[in-house]
Amino acid sequence: MTFDPEGLTRTQREGDACVACHKKWPRPRIRIGRLPDDAALYACPECADALLPQQENIRPLPRRVAFS
């Protein structure tokens, strides 16, 4: 995702604060997107779960055996 830097603070643009909630500690580590100049933006785990597209959990069906 590409974010518009105009609505972000300096610490968010530098990757030192969460791009969504501004939390600085612990330092956000999940890369969530980028700025138009390709600088990386980061989010805390809670915000990243809300911002990243959800992947469907596709699991194989359990094997079942019928005994008679």
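His22 is partly exposed, with a relative accessible area of 44% (buried means under 20%, exposed over 50%, partly exposed in between, with a 1.4 Å probe and protein chains only). The structure is a predicted model, in which local features need pLDDT of at least 70, side-chain atom pairs count only at pLDDT 80 or more, and totals for chains, interfaces and linings use all residues. Residues are numbered from 1 along each chain as its sequence is written, and side-chain values use heavy atoms, leaving out hydrogens and water.

His22 lies in the loop between α1 and β1; helices (H or I, at least four residues) and strands (E, at least two) are DSSP runs, numbered from the N terminus. Although not a glycine, His22 has a positive phi of about 70 degrees. Pro26 also belongs to the loop between α1 and β1 (30–34), and the peptide bond from Trp25 to Pro26 is cis, with omega near -10 degrees. Most residues other than glycine have a negative phi, and most peptide bonds are trans. Asp38, not a glycine either, has a positive phi of about 70 degrees and is found in the loop between β1 and β2 (40–43).

A search of the whole structure finds 0 disulfides, a disulfide being a pair of cysteine sulfur atoms within 2.5 Å. Cys18 is in no disulfide, because its nearest cysteine sulfur, that of Cys21, is 3.7 Å away, too far for a bond. Cys18 is buried, at 0% relative accessible area, whereas Cys21 is partly exposed at 36%.

Met1 lies in the segment before α1 (10–13) and is exposed, with a relative accessible area of 53%.
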